[in-house]
Amino acid sequence: MRVIVIGGGIAGTSAAYHLAKRGVSTTLVDASRVGQATAAGAGLVFPWPMPWDPPPMRDFALQAAAHYPALMRELAEDGQATGYRVVGGISAGTGPERFDRELALLRELRARPGYEGLGEVRRLPRGGPAELFPALADEYEGVFVEGAARVDGRRARDALFNAAEERGLRYVKGDAELVAAGGRVTGVLAGGEELAADAVVVAAGAWSAALLRPFRVDLPVYPMRGQIVHAALPGVRTRDWPVVRFSQEGRYLLALPPDRVVLSGTWEPWAGFDHRATVGGVLEVLSGAVALAPALVEATVAETRVGFRPASRDDLQLLGPVRALSGAVVATGLGASGLTYGPYQGAVAARLVLGEDPGSDLSAFRPDRVAPAAGTPPERTGPVE
């Protein structure tokens with residue numbers, strides 16, 4: 001069997017890896033576009049579903065929660081550096097009653113099957129979050145969850161690609177165009193060459209819709225621009241700092257070694273593919289971060305990243321076959337949760353092209369489903385990156 005994967009982000013490289021590992025003849029086609037979400041994302045990993053999450057996502061999320069650490073161990077044993085590390089996570093803010101309720105909920109969830117990875121859950125008193133993440137204001141209290149992790153999206157993507165290449169993956173750089181005959185995909189035109197295939201995984205992120213448009217398939221995915229700032233704290237060792245989420249403010253902070261802190265990104269649904277770091281966007285990021293972590297006022301602005309999250313118009317991922325084009329499987333639409341669920345989404349896409357059981361009900365994620373009209377993106381749902 002010959003499979004082509006379009007898209008070199010976290011979902012696409014995961015699909016390619018899982019296929020190559022099975023001995024499938026696999027080609028990855030990627031245009032290396034500026035603004036790829038995987039390359040820009042922050043990397044907060046908290047895959048366990050909450051009671052308020054959409055019901056179709058819960059089974060998938062629990063499967064992803066089990067798959068993630070196993071995949072990262074597998075890659076590490078293969079000699080690949082993934083940038084993945086379990087550092088714990090803090091839900092921080094003010095208001096003791098809110099965190100007492102959150103503690104009770106997380107402890108109740110931890111007792112359920114599939115939530116074992118949450119690990120220890122404990123209450124942090126006023127000043128407790130600042131002890132673990134010293135840049136925070138002393139006024140915050142919160143809840144600590146041992147199992148939360150961080151991942152460097154670029155390194156994880158490269159690890160999947162390298163491991164797949166070692167197993168025979170072929171790589172073609174260039175824009176892709178689907179080729180079909182008789183209502184079935186037959187290959188991909190890329191780099192001036194027509195590549196034959198028995199199946200194609202469309203995992204091109206926010207650019208996926210353009211690939212299916214010639215076949216009158218309206219994928220409900222659009223680019224959600226995010227501007228993210230990396231700050232450096234010279235002389236401060238941030239390697240062991242946990243990830244921090246501020247649910248009331250819709251923001252997060254995430255530390256990377258040796259001395260970096262990633263500041264919560266913007267949400268810009270109307271920006272299209274405009275790859276600019278704007279004054280307004282950077283101001284929003286910096287002012288929001290300093291309000292939560294005053295020590296960052298002395299930090300160095302090390303880097304600004306701009307990425308296009310593949311957001312769906314009904315806030316559900318796109319994962320499954322396309323009715324109008326047999327042999328095509330779509331894997332995208334995770335929005336700000338790409339680095340959390342992308343590795344498992346890619347693994348499921350690989351199963352689908354091989355005709356195997358995906359492991360959960362994917363009917364709600366059909367990529368050619370009826371969704372809100374273009375130009376009416378959903379409201380922001382959370383700060384996951």
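Predicted model: local features only at pLDDT ≥ 70, side-chain atom pairs only at ≥ 80, totals over all residues.

In what order do the strands of the open sheet stand, and is the pairing parallel or antiparallel?

A: The open sheet is formed by 3 strands in the order E3-E8-E4, and their pairing is antiparallel. Strand E3, at residues 44-45, and strand E4, at residues 85-86, stand at the edges with a single partner strand each, so one side of E3 and one side of E4 are left without a neighbour in the sheet. In general, the strands of a sheet pair through backbone hydrogen bonds, in either a parallel or an antiparallel manner. Between E4 and strand E8, which covers residues 149-150, there are 2 bridges, and these two strands run antiparallel. Within that pairing, Val86 stands opposite Ala149 of E8.

To place the sheet in its setting, the chain has 9 helices and 20 strands. Its radius of gyration is 20 Å, close to the 21 Å that the globule rule gives for 385 residues, so the chain is as compact as a globular protein of that length. Along the principal axes, the C-alpha trace spans about 65 × 45 × 45 Å.

Among the helices, H1 (residues 10-21) packs with H6 (residues 153-166) at an angle of about 25°, and the axes of the two lie 8 Å apart. Because angles under 35 degrees count as roughly parallel, H1 is roughly parallel to H6. The crossing of H1 and H6 is left-handed. From H1, Ile10, Thr13, Ser14, Ala16, Tyr17 and Ala20 take part in this contact, meeting Ala156, Arg157, Leu160, Phe161, Ala163 and Ala164 in H6. Sorted by class, the residues where H1 meets H6 are 9 nonpolar, 2 polar and 1 charged.

H1 also packs with helix H9 (residues 338-353), here at an angle of about 40° and with the axes 7 Å apart. H1 and H9 are therefore oblique to each other, and H1 passes H9 in a right-handed crossing. On the H1 side the contact involves Ile10, Ala11, Ser14, Ala15, His18 and Leu19, while H9 contributes Gly338, Leu339, Gly342, Pro343, Gln345, Gly346, Ala347, Ala350 and Val353. The residues in the contact of H1 with H9 comprise 9 nonpolar and 6 polar, with no charged ones.

Note on methods
Residues numbered from 1 in each chain as written. Heavy atoms only, no water. Axes fitted to C-alpha atoms, helices over the stretch in contact; angles between N-to-C directions. Helix = DSSP H or I, 4+ residues; strand = E, 2+ residues; numbered from the N terminus. Parallel < 35°, antiparallel > 145°, perpendicular 65-115°, else oblique. Left-handed = near helix turned anticlockwise from the far one by under 90°. Contact = heavy atoms within 4.5 Å. Nonpolar A, V, L, I, M, F, W, Y, C, P; charged D, E, K, R; others polar. Pairing = 2+ DSSP bridges. Rg over C-alpha atoms; globule rule 2.2 N^0.38 Å.
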